[in-house]
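Keep the structure open as you read, and look up each residue as it comes along.

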Amino acid sequence: MPIDETHPIANPYGYFDAANREYVITRPDTPTPWMNYLGEGRYGGIISNTAGGYSFDRDPRTRRVTRYRYNSIPADQPGRYVYLRDQETGAYWSPTWQPVVGRQLEAYECRHGAAYTCIQSTYRGIAASLLYFVPPGEACEVWVLRVKNASDRPRRLRSFSYAEFGYYDALIDQQNLDWGMHIVHSRYADGTIVTSTQFRPTLTFFSSNVIPAGFDTDREVFIGRCRDLANPIVVETGEPRQSEAPRGNNVGSLCHDLVLAPGEEQEIIYVMGVTDDPGTVAPLLARYGQPREVQAAFEALRADWDTYLSHFTVETPDAEVNAMLNFWNPVQCRATLYWSRFVSAYETGLGRGMGTRDSAQDTLATVQAAPARAREVLDVLWHLQFQDGHTWHQVFPLTGEGGPGLAGEFLDWPQWFSDDHLWLVLAVCAYLRETGDFAYLDHHVPYWDGEGAPAGDDTIWGHILRAVDFTLTHRGPQGLPRLGFSDWDDTMNLDHGSGKAESVWCAQQFCRALLDLADLCDYLGKGDNAARFRALHREMADTVNRVAWDGAWYARAFDDDGLPVGVQGETYHQIGLNPQTWAVIGEIETGDRLHRAMESAHEKLDTPYGMALMAPPYDRSDLRVRGTTTYPPGAKENGGIFCHAHAWAVVAAARLGWGERAYQYYRQILPLARTDADTFAAEPYVYCGNICGPTHPQYGYGRNAWLSGTASWMYVAGTQWILGIRPTFTGLQVAPVIPGDWPGFRAARLFRNVTYRIAVERMGPGNAVSLTVDGRPIEGTIVPFPPAGQTEVVVRALVGQRG
Ligand code: GLC
């Protein structure tokens with residue numbers, strides 16, 4: 001399929017519109033639904049390029065508004081739909097293409113922006129557009145329908161909206177239909193549909209700013225027998241039935257008459273939302289019934305994202321890198337901060353809630369531009385910590401209910417993960433470096449099991465110490481951290497109750513956490529603590545080097561019997577990626593060994609689409625390893641390209657000073673650079689979680705877009721390690737590791753309320769940096785904080801040796 005060459009960043013299904021900061025999808029039949037997120041982490045939902053998706057308020061499991069059928073045929077239904085019907089010819093269609101997919105639209109375009117989506121199309125002389133967004137701070141969404149008569153004769157049309165309401169508890173909606181479908185019902189009054197549940201205050205409303213010609217709320221009446229969303233009887237006949245569902249499947253369908261002279265345009269504003277207080281509905285509808293208010297809310301939304309995105313901007317010689325770092329990557333990072341791994345086209349909003357390790361990592365890239373929300377998330381996660389120092393693995397955001405996640409399915413195995421609590425330590429250090437909010441260390445959060453205990457409500461600092469102690473007191477036979485149920489790799493299940501399996505990678509993660517803490521203590525003047533953490537680091541690093549070095553790379557883990565995984569003698573999984581990258585990140589060595597380890601990873605694991613997580617993959621079930629071997633070879637943790645882990649290769653390469661390779665790795669998984677959309681299939685504007693590896697029949701196929709730790713880490717990798725602009729306790733560091741042929745780049749970075757305008761120029765090969773700050777040369781690569789009151793600092797960085 002051809003690519004539109006007029007746009008510099010394009011693939012056969014669309015292009016990035018840099019001026020408007022929107023990904024424009026130009027064909028509705030994308031290989032998978034290409035999604036976007038609405039809302040700012042409270043009320044909101046997902047929406048595809050053909051308006052599929054669903055809405056909820058804060059928690060998709062326990063406060064669901066609309067339904068979505070994962071695995072449905074046709075795919076990606078239902079959604080937020082409007083049907084149009086020509087009253088003269090009886091022809092009807094959907095301006096969003098779905099759900100009346102049979103029509104050949106004369107024009108189609110979907111624009112996904114930051115927290116809004118606009119889909120427009122033309123059919124038989126009628127141009128229609130639908131803009132969807134959530135007004136900031138409201139528990140409702142707005143759909144703005146504009147219909148224009150682009151033909152040269154008067155036209156009479158009817159529109160029919162369609163939203164399918166779910167029972168508020170989305171699990172019951174799947175599991176207990178007998179009950180759920182008896183107690184949900186709808187009423188219509190004064191242009192508004194209200195769907196409620198027996199004996200509960202929660203109600204969903206659906207309304208519009210134009211008095212309807214009719215309505216329907218009973219899905220079966222609206223669709224008719226033996227029909228589906230492509231040909232509802234009400235739309236086909238053009239006659240709403242005024243059905244008020246006494247039970248069953250409830251929908252929001254309002255019918256409007258549109259009489260349009262040639263060139264005339266009409267607008268209908270739909271408002272859908274949820275509340276426990278019926279008294280709030282009328283004022284809300286009065287407000288968003290006014291186009292002026294809707295416009296103001298949309299502008300407020302855009303302004304909020306502009307502010308969020310203004311904390312870091314960059315201009316490099318690579319347009320795709322710019323598009324990613326200035327826009328899509330931070331947009332994706334905010335979605336992960338809001339929704340962890342809970343709700344997407346792959347995560348059903350039923351099972352997982354927020355993951356402790358996942359959400360802690362999601363804060364790493366958002367402490368910069370959304371520090372308050374990141375801190376809120378950290379508080380929620382610290383409350384999951386038990387007094388012994390380990391944490392629950394997941395939590396449901398609305399109820400606060402914590403749990404062991406996957407581990408709960410295997411009660412004889414450890415019920416904790418070796419890395420969860422350590423991510424929290426790393427996240428707090430990142431938060432403090434960024435914000436300087438050191439008072440956070442004195443902030444109190446109760447332990448999960450702390451009620452009534454003497455120190456059951458501890459400071460963040462106290463929580464951190466217990467996290468460190470948990471790892472120290474849960475070491476295995478060789479002195480490495482015990483693996484627990486697993487470490488970062490959920491499928492690395494080597495401990496079947498022996499309590500002996502150990503994680504090399506977790507040891508390296510622990511090393512990183514100890515160094516971050518040592519730096520923090522240095523800065524806070526806690527010299528004894530700093531010394532203790534450094535000594536612990538040395539001890540753990542020595543242990544790793546002693547027991548896990550396999551001659552050319554580091555082993556991955558040790559099983560119940562002390563046998564290694566990820567070493568040369570094995571048939572499968574001879575080498576893992578993470579222990580090589582984290583040897584560098586955890587600074588467990590200096591010099592040759594680290595280079596050697598990363599060279600081995602490069603040689604054995606790198607592919608044009610990214611680094612495989614390990615090789616060779618297992619081709620059979622293996623009870624020793626369990627989880628990994630439930631996947632076919634080349635998929636996910638079984639030798640697939642795990643983008644999150646790949647991001648650590650970018651960081652590690654940059655830390656070693658490998659400018660070319662860091663950039664090569666960065667581009668390998670850059671979705672905007674994947675022009676082979678029919679192979680990649682996933683959204684080209686956000687990172688996906690994994691890509692099928694070389695041994696998989698669908699090599700190159702991307703899965704699990706949007707909610708992945710890849711977002712956070714690629715942002716950190718790009719901004720802090722390739723561009724080298726990173727916060728430290730003593731100032732902003734500027735130490736780029738960029739490709740040799742980049743003449744330089746420019747960036748603006750807001751750090752602790754000061755804007756740093758940074759110009760980097762390459763003088764010759766290498767990564768040596770000399771800095772000039774406000775015209776004066778300084779020693780080293782850390783720009784010290786300016787005097788109070790100064791809000792701008794100009795930094796010039798010369799990179800590489802002259803001549
Ligand atoms: C998934 C999980 C994440 C885990 C990773 C590797 O992305 O959300 O928690 O670290 O898989 O297993």
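Arg-626 lies in the loop between β32 (614-615) and β33 (641-642); strands here are DSSP runs (E, at least two residues), numbered from the N terminus. This is a predicted model, where local features need pLDDT of at least 70 and side-chain atom pairs count only at pLDDT 80 or more, while totals for chains, interfaces and linings use all residues. Residues are numbered from 1 along each chain as its sequence is written, and side-chain values use heavy atoms, leaving out hydrogens and water.

Back to Arg-626: its phi is positive, about 60°, although it is not a glycine. (Buried means under 20%, exposed over 50%, and partly exposed in between, using a 1.4 Å probe and protein chains only.)

Asn-753 also has a positive phi, near 70°, and is a residue other than glycine. You'll find Asn-753 in the loop between β38 (744-751) and β39 (754-762), and it is exposed, with a relative accessible area of 68%.

Now for some prolines. The peptide bond from Ile-73 to Pro-74 is cis, with omega near -5°, and Pro-74 is in the loop between β6 (53-57) and β7. Another cis bond runs from Gln-98 to Pro-99, with omega near 0°; Pro-99 sits in the loop between β8 (92-93) and β9 (107-113).

Next, have a look at strand β13 (residues 155-162), where seven of the eight residues are buried. Strand β7 (residues 81-86) runs antiparallel to β13, joined by six bridges, and Tyr-83 stands opposite Phe-160 in β13. Strand β18 (residues 250-260) is antiparallel to β13 too, again with six bridges, and there Arg-158 faces Asp-257 in β18. (Two strands pair if DSSP finds at least two bridges between them.)

Finally, the ligand. Which residues are around it? Among them are Arg-341, Asp-358, Asp-489 and Phe-642, where being near takes a heavy atom within 4 Å.

| Residue | Part of residue | Distance to a ligand oxygen |
|---|---|---|
| Arg-352 | side chain | 2.7 Å |
| Arg-357 | side chain | 2.7 Å |
| Trp-488 | backbone | 2.6 Å |

The protein covers 90% of the 310 Å² of accessible area that the ligand has on its own, by the Shrake-Rupley method with a 1.4 Å probe.

Definitions and conventions
Helix = DSSP H or I, 4+ residues; strand = E, 2+ residues; numbered from the N terminus. Polar contact = N/O pair within 3.5 Å; in protein donor to acceptor, adjacent residues only side chain to side chain.
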